[in-house]
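Biologist: Please put the protein and its sequence on the screen. I have some questions about it.

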Amino acid sequence: MKTEQFIENKASWLQLEQELLTKQYQIKTDDYPAKIITPSFSLDSMTMYEVLCHYQQLALLDAFRQELGFEEQRYCLSRFTDNHQSSAYLPLLSYYVVNLRKYGASFEYLTVEELLATIKQLDIETYNTFITVGSGTLPQVESELVTCKANDVLATIAIHIKQETEEAYREAMAYLNTLLEKDFPKSYGIYYEGESDLVLPIEHLPITSSHHFFAKVLSYPSLHPSLVEYSYKAMAEYHFYQDVDEEEAAMPSTFAVFGLGLYDKSYSKLIIDYMYECDGDHSQMPIYFAKAYVETFGLTPETLPVFACTVTTVQEIPYDSLFEQAMNTEDNLQWFEQFMTTPFIKLCPLIPYGQSQHIEEYKDMVVAEVLYTCFGIIQLNDFESPQFMRIPEPYRTRFAAIIKELI
């Protein structure tokens, strides 16, 4: 069924509209694109989206976004709006800009800016609304203690602490956790206005207003459960805080997770889950955390699982004599021997199954990463290197035999 039939023959469109609105359809996703079958029509989802864009059926577009995801719809919206930039299609452009910010990739902010520029030319009032309140559907908080506002088009959260009290920060955290249940964009910036200049004891960690905010919340132990709740709602692979420089690439939840992780070892699972979600190919955050974690807790069989998860998150964590000194104990070397020969999930039941499977699939590479970070060993099979010779016996000989089996 071609798009032209529904555009040129209004009766066909009205029939399709009725059947879609009354949910008289089946979705078949066996092939790409998905097929939409109604009592009267059979069409692929691309054609359907094009027709829905033409008639600006925003409710149906949103319904199918929920059923089929946003990426396929994003492609159709992009193609359609490129060729239909007029005031007649302002509702569709508005739908696109809001949903692209909410459900698109982190780099789509560039397209959002282009769309906003187009909307500004078409209707300054709509543009000003987007700039000031976003879609206008989000909760705002105004109390004696705090003012909290969010804009889902700009992907910004503003937190103004009026009174520096625990209750004020409790209200702010409650707002954040409620907001993240509202399909707020996964990449966003937090702009904090308060008196705190606290920072976490982590060298090189970016200093931003959101860093100050979460460091302050951490100072109230009764708010730690709210930080955990926020962390799990906020962490999302390939998404980043927009108030942190792009080169740093800090995943939302970074400051909360790292603060809790250094506060108490009981937050090990939170750290491990963060590392599983973190885009280690682009983010330096695990590198900064690793050293601070070892400085705080040292390396023991209890802390080594967190350390190993952190090391294997990024392409490499540079060798540091601190790591070597901490690793060179009888208990730790025994643990590392088990790490090389035992499924990691047995040593670390807290690890997500998918991460454990990845570690087992690439065990030689994972072992190489840990050996480099802890001993400076560059080539895994160079058993005569000065770095490898620093591993004490009898572990040096046993490690060499295991490595030969791995490679």
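**Loops, sheet, helices and pocket**

Biologist: Where is Asp 183 found?

Modeller: Helices are DSSP runs of H or I with at least four residues, strands are runs of E with at least two, and both are numbered from the N terminus. Asp 183 is found in the loop between H9 and S7.

Biologist: What kind of model is this?

Modeller: Residues are numbered from 1 along each chain as its sequence is written, and side-chain values use heavy atoms, with hydrogens and water left out. Local features need pLDDT of at least 70, side-chain atom pairs count only at pLDDT 80 or more, and totals for chains, interfaces and linings use all residues; the model is predicted.

Biologist: What phi does Asp 183 have?

Modeller: Most residues other than glycine have a negative phi. Asp 183 is not a glycine, yet its phi is positive, at about 60 degrees.

Biologist: Is Ser 253 buried or exposed?

Modeller: Ser 253 lies in the loop between helix H11 (224-234) and helix H12 (254-263). Its phi is also positive, at about 100 degrees. Buried means under 20% relative accessible area, exposed over 50%, and partly exposed in between, with a 1.4 Å probe on protein chains only. At 0%, Ser 253 counts as buried.

Biologist: What is omega for the peptide bond from Tyr 32 to Pro 33?

Modeller: Pro 33 sits in the loop between S1 and strand S2 (35-37). The bond from Tyr 32 to Pro 33 is cis, with omega near -5 degrees.

Biologist: Which strands stand at the edges of the sheet?

Modeller: Two strands pair if DSSP finds at least two bridges between them. Four strands form an open, mixed sheet in the order S4-S5-S6-S7. Two of them have a single partner strand each, so one side of each lacks a neighbour in the sheet: strand S4 (141-142) and S7.

Biologist: Which way do S6 and strand S7 (residues 189-193) run, parallel or antiparallel?

Modeller: Strand S5 (residues 146-151) and S6 run antiparallel, joined by six bridges. Five bridges join S6 to S7, and these two run parallel.

Biologist: What is the handedness of the crossover from S6 to S7?

Modeller: The chain goes from S6 through helix H9 (residues 166-179) to S7. Look with the strands pointing away from you: a clockwise path from the first strand over the helix to the second is called right-handed. This β-α-β crossover is right-handed.

Biologist: Which residues of helix H19 (residues 353-361) are buried?

Modeller: The face turned away from the buried side carries the exposed Tyr 353 and Glu 361. The buried residues are Gln 355, Ser 356 and Ile 359.

Biologist: What is the volume of the largest pocket?

Modeller: On a 1 Å grid over the protein atoms alone, a pocket is an open set of points that fit a 1.4 Å probe, with protein on both sides within 12 Å along at least five of seven lines. Points join across faces, edges and corners, and the volume is the space filled by probe spheres set on them. For the largest pocket, that is about 470 Å³.

Biologist: Which lining residues are closest to its centre?

Modeller: Lining residues have an atom within 4 Å of a point. The largest pocket has 19 of them, and the closest to its centre are Asp 281, Thr 312, Thr 313, Val 314 and His 358.
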